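Keep the 3D view open while you read, and look up each part as it comes along.

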Amino acid sequence: MDADLHELTAAYALDALDADEADAYEAHLAQCESCRTELATLGKTATALAWAVEAPAPPERLRSRILDAAAAERTNVVPLLPQRRPWLLRATAGVAAVAACAAVGLGVWAGLLSRSLNSERSARATDARAVEILADRASRRVPLKGGQGVVALAPDGEGVLVVRRLPEAPSGKTYEAWVIPHGGAPKPAGLFSGGDRTTVLRLDQRVPRGAVVAATVERSGGVDAPTQTPLFSAQS
Amino acid sequence: MHDVKRELAHLSDEALVALAARSEQSALAELYDRYGRAAYGLAFRVLRDEALAEDAVQDAFLSVWRTAARFVPERGAASTWILTLVHRRAVDVVRREQRRRTEPLERAPEPPGGGAVDEEAWVRLQRERVQAALQQLPDQQREALELAYYGGFTQSELAERLGQPIGTIKSRMFTGLARLRELLRDPGMETSWTPISTS
């Protein structure tokens with residue numbers, strides 16, 4: 001029976017078990033380390049399917065609806081509704097959550113809160129050409145190393161850097177992008193300030209094959225050659 | 001766009017869940033800003049109904065709010081947890097309502113421009129990447145994954161619908177999902193994220 005249950009990991013990750021099967025699998029999971037490990041990665045893969053959907057954006061009102069309901073609940077103690085308990089949740093988790101929070105570091109937290117709310121953020125509209133390159137199926141996508149994002153490269157070498165969740169550059173500093181041809185010196189390829197959910201920057205320099213695209217933190221106004229170690233890079 | 005508490009934008013998902021556990025409402029808002037779009041798209045794909053999709057997303061985020069203190073980061077990413085809650089909720093409803101449908105959605109209208117353009121670029125890159133990976137799977141494996149995940153069918157229902165032994169369906173789902181896992185190994189395109197340090 002256990003071997004059978006073992007095979008159900010993918011179906012469980014896809015929510016393709018009926019209630020009885022799911023109960024049996026969860027009981028097995030509690031005792032099977034290898035299934036827990038397998039589920040952690042297959043569950044993540046299953047939820048990747050959520051990103052493949054081409055669907056309308058949620059209505060604006062949904063955000064406030066959820067936040068209002070959350071605020072109303074927290075003011076009085078609400079018993080948990082009887083529903084199937086997700087595996088990720090177990091009673092011991094309180095400790096882990098506190099640990100995770102401590103790991104954030106109080107210093108970091110305080111620093112983030114004290115950072116000025118209204119610090120300048122460039123209101124640069126996204127370059128239309130950048131949007132074209134991103135939409136072009138013929139452009140190559142090279143994932144970043146050291147950061148979350150991608151460099152999209154049009155066949156002619158025009159490049160667009162997409163970075164997620166880059167903190168705003170420290171005061172008096174800027175981010176600077178570089179195109180580093182194979183065996184050549186880094187060429188400045190544009191300045192950006194970060195601080196947005198997603199930063200999209202069209203590179204000022206073409207990116208030849210084999211070149212590296214990288215970014216460093218430099219003094220405001222930018223510099224002609226990088227003075228810092230790259231935060232992240234992509235090998236084209 | 002929502003400019004409130006931009007500082008939270010630089011915390012990891014797991015740190016936000018820990019803050020939500022301490023009734024920090026802005027942390028829940030930030031989690032919604034990160035995953036609400038994917039959550040709603042998923043719920044809408046499964047349920048084919050705006051009102052039901054909104055309810056499923058709301059239920060899932062309220063579950064996050066209620067149970068954040070019991071989240072175990074070691075068992076998986078917070079983004080996986082959130083989207084799993086949304087999916088489970090949507091599938092429960094679709095099974096109860098018997099309303100599931102298998103055709104893909106009609107092409108969604110392009111969202112309005114403005115501040116959302118950069119974010120749209122990211123959503124589109126993610127969509128392309130996962131769709132491209134799906135296209136690389138053998139047809140039968142892709143069909144099993146799509147009917148299970150988007151259609152809300154159980155493995156027994158799939159066996160009946162496709163006229164195959166249940167062992168075959170299990171194996172298609174397992175092989176397909178494991179292959180997809182390999183195809184999506186690409187650290188620069190992670191949907192969950194950890195902050196970049198500038199210090």
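## Starting in the sheet of chain A

Find Tyr175(A) first: across from it, in S5(A), stands Phe192(A). Before going on, bear in mind that this is a predicted model. The two strands around that pair are S4(A), which covers residues 173-180, and S5(A); they run antiparallel and are joined by 4 bridges.

S4(A) and S5(A) belong to an open sheet of 4 strands in chain A, ordered S5-S4-S7-S8, with antiparallel pairing. At the edges sit S5 (187-192) and S8 (232-235) of chain A, each of which pairs on one side only. On average, neighbouring strands of this sheet are turned by 25 degrees against each other, if you ignore direction.

Next stop: S2(A), made of residues 149-153. How many of its residues are buried? The count is 5 of 5, so this strand is mostly covered, a residue being buried when 20 or more other C-beta atoms lie within 10 Å of its own. Gly149(A), Val151(A) and Leu153(A) point one way from the strand, while Val150(A) and Ala152(A) point the other way, and all are buried.

S2(A) has antiparallel partners to look at. S1(A), residues 140-143, is joined to S2(A) by 4 bridges, and here Pro143(A) has Val150(A) as its bridge partner. S3(A), residues 159-164, is joined to S2(A) by 5 bridges, with Leu153(A) partnered by Gly159(A). The hairpin of S1(A) and S2(A) has 5 residues between the strands, and Gly146(A) takes a positive phi near 95 degrees there. In the hairpin of S2(A) and S3(A), there are again 5 residues between the strands, and Gly157(A) has a positive phi near 95 degrees.

## A closer look at Val160(A)

Val160(A) is part of strand S3 of chain A. Is it buried or exposed? Val160(A) is buried, because 27 other C-beta atoms lie within 10 Å. Leaving out residues up to four places away in sequence, Val160(A) touches Ala130(A), Ile133(A), Leu134(A), Ala152(A), Val200(A), Leu201(A), Arg202(A) and Leu203(A). Ala152(A), as you saw, is one of the buried residues of S2(A).

Over in chain B, you'll find 8 helices and 0 strands. Buried residues account for 51% of its 199 residues. If you take the contacts in chain B with a separation of 6 or more, 65% of them come from residues 24 or more positions apart.

Two spots in the loops are worth a look. Most residues other than glycine have a negative phi. Ser23(B), though, has a positive phi near 65 degrees, and it lies in the loop between helix H1 (13-21) and helix H2 (25-47) of chain B. Arg48(B) isn't a glycine either, yet its phi is positive at about 60 degrees; it sits in the loop between H2 and helix H3 (50-67) of chain B. Ser23(B) is partly exposed, with 16 other C-beta atoms within 10 Å, and Arg48(B) counts as partly exposed with 16 C-beta neighbours inside 10 Å.

## Where the chains meet

Which way do H4(A) and H8(B) cross? H4(A), residues 33-48, packs against H8(B), residues 166-183, at an angle of about 80 degrees, with the axes 9 Å apart. That angle makes the two helices roughly perpendicular. Thr41(A), Leu42(A), Thr45(A) and Ala46(A) make the contact from H4(A), and Leu177(B), Leu180(B) and Arg181(B) make it from H8(B). By type, the contact residues of these helices are 4 nonpolar, 2 polar and 1 charged.

## The nonpolar cores

The largest nonpolar core has 81 residues, and among those with the most contacts inside it are Leu14(A), Ala20(B), Ala43(B) and Met173(B). H2(B) supplies the largest share of this core, 14 residues. Beyond its neighbours within four places in sequence, Ala43(B) is in contact with Ala53(B), Ala56(B), Val57(B), Val86(B) and Ala90(B).

There is a second, separate core of 34 residues, which includes Phe192(A), Leu203(A), Ala214(A) and Ala121(B). That brings you back to Phe192(A), the residue opposite Tyr175(A).

Definitions and conventions:
Residues are numbered from 1 along each chain as its sequence is written. Chains are lettered from A and ligands numbered from 1 in the order in which they are written. This is a predicted model: local features need pLDDT of at least 70, side-chain atom pairs count only at pLDDT 80 or more; totals for chains, interfaces and linings use all residues. A residue is buried if 20 or more other C-beta atoms lie within 10 Å of its own, exposed if 12 or fewer, and partly exposed in between; C-beta atoms are placed from the backbone. Two strands pair if DSSP finds at least two bridges between them. Axes are lines fitted to C-alpha atoms, for helices over the stretch in contact, and angles run from 0 to 180 degrees between N-to-C directions. Angles under 35 degrees count as roughly parallel, over 145 as roughly antiparallel, 65 to 115 as roughly perpendicular and the rest as oblique. Two residues are in contact if their C-beta atoms, placed from the backbone, lie within 7 Å. Ala, Val, Leu, Ile, Met, Phe, Trp, Tyr, Cys and Pro count as nonpolar, Asp, Glu, Lys and Arg as charged, and the others, Gly among them, as polar. A nonpolar core is a set of buried Ala, Val, Leu, Ile, Met, Phe, Trp, Tyr and Cys residues joined through C-beta atoms within 7 Å.
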